[in-house]
Amino acid sequence: MKLKSLLYQLYERKLASGLDPNRIPRHIGVILDGNRRWARAVGSPTAHGHRKGADKIADLLSWCADVGVEVVTLWMLSTDNLARSKTEIAALLDIICTAVADIADDGRWQLRVVGALDLLPDAAAKEISAAQERNRERVSSGVVVNVAIGYGGRHEIMDAIRAYLRHAEAAGKTLAEVAETITDRDIGENLYTAGLPDPDLVIRTSGEQRLGGFLLWQSVHSEYYFCEAYWPDFRRVDFLRALRDFGQRERRMGR
């Protein structure tokens, strides 16, 4: 076992040393998938899987900071997830609130909440908002960590269009003028992630090979990496492999 651990460490170091610092993604989006299946596989309650997944977040953020990633977006709760049983959602929201508070109070991360908090129970929405406000007052540098809660890509785009239309109305524009002049930049400036670079790399764990609505607008030129490991089992070596794979790709950016 000791030899296996040593070999693993050597392999990890080799992966890390082989990364090109000029080909590190600025923004990584992560779909934290597989918590429930991990729990089933080990014979534990679903909530245990969610807790193990939440515990993995601190590791990921440290790995990102170590290699120079500037922005991380974590999909923690989708709009579709809200259709699960009230018991599971209540337990999951409790875990999410604790995880968000940990990120906010760590001191190394700039926390941003992206999603529709109005879809959540009032108590959870207030707790998450309070964590974001605490962080804003205390932290002014470090990796930007977007926590996507009550998030759906279609919902985000609809919110962006609504926000733009409100701005246009306030500026005295007619609907006809808006229809003739609206641009993709107008939509982009009203997305939850406005002002941040689009994700260069999107990682999804658990072996599922689909986006499921994650950062639909922003990921048009992203590279995707699908990892077989369930999120609670995601290791630094898996992260480094994703970065190695990204660094070897030729990014065409739609050209």
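Predicted model: local features only at pLDDT ≥ 70, side-chain atom pairs only at ≥ 80, totals over all residues.
In soluble globular proteins, nonpolar side chains tend to be buried together. Here the largest nonpolar core comprises 54 residues, and Leu60, Leu74 and Met76 have the most contacts inside it. Helix α4 gives the most to this core, contributing 10 residues. Apart from this core lies another, of 11 residues, including Ile31, Trp75, Ala116 and Tyr151. When neighbours within four places in sequence are left aside, leucine 74 is in contact with Val30, Leu32, Ile57, Leu60, Ile103, Val145, Asn146, Val147 and Ala148.

Helix α4 also packs against another helix. The axes of α4 (residues 86-106) and α5 (residues 122-138) come within 9 Å and cross at roughly 5 degrees. Because angles under 35 degrees count as roughly parallel, α4 is described as roughly parallel to α5. On the α4 side, the residues in contact include Leu93, Ile96, Val100 and Ile103, while those of α5 include Ala124, Ile128, Ala131 and Arg134. The residues of this contact divide into 10 nonpolar, one polar and four charged.

Tyrosine 151 lies in strand β4 and tyrosine 192 in the loop between α8 and β5, so the pair ties together parts that are 41 residues apart in sequence. Both tyrosine 151 and tyrosine 192 are buried. Elsewhere, Trp63, Trp231, Phe234 and Phe239 form one aromatic cluster.

Notes: Residues numbered from 1 in each chain as written. Heavy atoms only, no water. Helix = DSSP H or I, 4+ residues; strand = E, 2+ residues; numbered from the N terminus. Buried < 20%, exposed > 50% of the residue type's maximum accessible area, 1.4 Å probe, protein only. Phe/Tyr/Trp six-rings, centres within 6.5 Å; stacked < 30°, edge-to-face > 60°. Axes fitted to C-alpha atoms, helices over the stretch in contact; angles between N-to-C directions. Parallel < 35°, antiparallel > 145°, perpendicular 65-115°, else oblique. Contact = heavy atoms within 4.5 Å. Nonpolar A, V, L, I, M, F, W, Y, C, P; charged D, E, K, R; others polar. Core = buried A, V, L, I, M, F, W, Y, C linked by side-chain atoms within 4.5 Å.
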